[in-house]
Amino acid sequence: MSAKTTAGRRAIFLDVDGTLMQDGHDVPPSAVDAIRAARARGHLVFLSTGRGIAEIQGALWDLGFDGAVSNGGAFAAVGDEIVAGTLFSPGDVARLQEYLERTGIHGYFQSYDQLFATPALPALMAAKVEGTGLPMKVFYDPAHFDPAQIAKLVFVTEDPAARAIADLGADFAVVGGTIPLPGWASGEVAPAGVQKGAAIEAILAHLGIDAADAIGIGDNWNDAEMFEVCGTAIAMGNAVDGVKALADQVTTAIDDDGILRAFAANGLI
C-alpha cells in the first residue's frame, strides 16, 4: 500500500457494536453496501473496536476492510501488518486477576487474537446468550495463557460497572457499557494511555493521511478519543446523548440505515 494518500481519499473508522453491528450479530445490508461502495471509490475503511481480532475474524471481517483498530486501541493494523501495539505488563495482569477473584467479577483477557475467560464465565455466558441470537465467544485453553501477551480485560458484572471503573480507573484506561450482554453491565480495562484515538493516529501516520481526511463513526464512550482525532466525528442516532454531544454530525440509528446515510452525507459514495 502506498505511503501517501491519493487526492480525495478518506480513511473511515467504524466502531462495531452499536454502530456497524446491532445486538452483537446483525450488520444492516445497507451498511455492507456502503462499505463496499466507498472502498470501490478508493476510500479506506477500518474497523475501530474494543473487540480483539478473534472476535472480528469470520463473517464480519469478510465484509471487506483495510485494517483495524482492535482491543480498544491496543493494536492498530493495516491489512495484516500491525503498525502499533501496547500490552499490559505481567504484573498488571496478575493484579487484574487478583481483583476479579476478590470481587467476584467475571471477565476475559484478550491477546491480539485469543480470549481467556475466568473459570465460571463460559457457562454463565452460554446461559445468557441462549436464545438471543448472540454468538458464543470462543475461549482458549487457560494452559496457553501468557501474561506477557495480554492487551485488554473485558469485565461483566451484575452490579453497576461504576464499581470496577472507580476501583481501576486511577491506574488503567477504563470505560463502561461497551458490549451487549443481557442483564449484565460491562466494561473494558486497558493499559493507561490506550484508546482508539492513539491507534488511529498510528494508522494515519503509517499511511500518510491527514487527520482532517479521517472520519470516525461510533455510539459509545470508548469512541470519544476517536472523535477527537478524526477530522469528522459522526455519532449514530442510537448513540448515548453525551457521545452525540461530542460529534460533529449525528446520523440516523443503526437500524435506520445510519451508516449508509453518513457515507452519503459526506460524499463517500
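## Model confidence

The protein has a mean pLDDT of 92, with 96% of its residues at 70 or more. Residues 1-6 fall below 50 in pLDDT; beyond near neighbours in sequence, this stretch makes 11 contacts in the model. Where pLDDT is low, the predicted coordinates should not be read in detail.

## Helix H2

Helix H2 covers residues 90-103, and its 14 residues should span 20 Å at 1.5 Å a residue; the end C-alpha atoms are 20 Å apart, which agrees with this expectation. Val93, Leu96, Tyr99, Leu100 and Thr103 are the buried residues of H2. Viewed down the helix axis, these buried residues fall within an arc of 120°, so they line one face of H2. An α-helix has 3.6 residues a turn, so residues three or four places apart point the same way.

The face turned away from the buried side of H2 carries the exposed residues Glu101 and Arg102. Packing partners of the buried residues are strand E6 (106-110), strand E8 (152-157), helix H4 (162-168), strand E9 (172-176) and strand E10 (185-191). Just after H2, Gly104 adopts a positive phi of about 75°.

## The five-stranded sheet

An open sheet of 5 strands is arranged in the order E7-E6-E8-E10-E9, and its pairing is antiparallel. Strand E7 (115-117) and E9 are the edge strands, each pairing on one side only. On average, neighbouring strands of this sheet are turned by 20° against each other, direction ignored.

E9 and E10 are joined in the antiparallel sense over 5 bridges, and Val174 stands opposite Val189 in E10. H2 lies across E6, E8, E9 and E10, and runs at about 165° to E6. Helix H3 (residues 121-129) also packs on the sheet, where it touches E6, E7 and E8; the direction of H3 makes about 105° with that of E6.

## The eight-stranded sheet

A further open sheet has 8 strands in the order E5-E4-E3-E2-E1-E11-E12-E13, with mixed pairing. Strand E5 (81-85) and strand E13 (249-250) stand at its edges with a single partner strand each, so one side of each lacks a neighbour in the sheet.

Strand E4 (residues 75-78) pairs with E5 in the antiparallel sense over 4 bridges; Val78 has Glu81 in E5 as its bridge partner. Helix H5 (residues 196-207) lies across strand E1 (11-14), strand E2 (44-48), strand E3 (67-70), E4, E5 and strand E11 (214-218), and runs at about 30° to E4.

Methods: Residues are numbered from 1 along each chain as its sequence is written. This is a predicted model: local features need pLDDT of at least 70, side-chain atom pairs count only at pLDDT 80 or more; totals for chains, interfaces and linings use all residues. Side-chain values use heavy atoms; hydrogens and water are left out. Helices (H or I, at least four residues) and strands (E, at least two) are DSSP runs, numbered from the N terminus. The expected span of a helix is 1.5 Å times one less than its number of residues. Buried means under 20% relative accessible area, exposed over 50%, partly exposed in between (1.4 Å probe, protein chains only). The arc is that of the directions from the helix axis to the C-beta atoms. Contact means heavy atoms within 4.5 Å. pLDDT is the predictor's confidence in each residue, from 0 to 100. Two strands pair if DSSP finds at least two bridges between them. Axes are lines fitted to C-alpha atoms, for helices over the stretch in contact, and angles run from 0 to 180 degrees between N-to-C directions.
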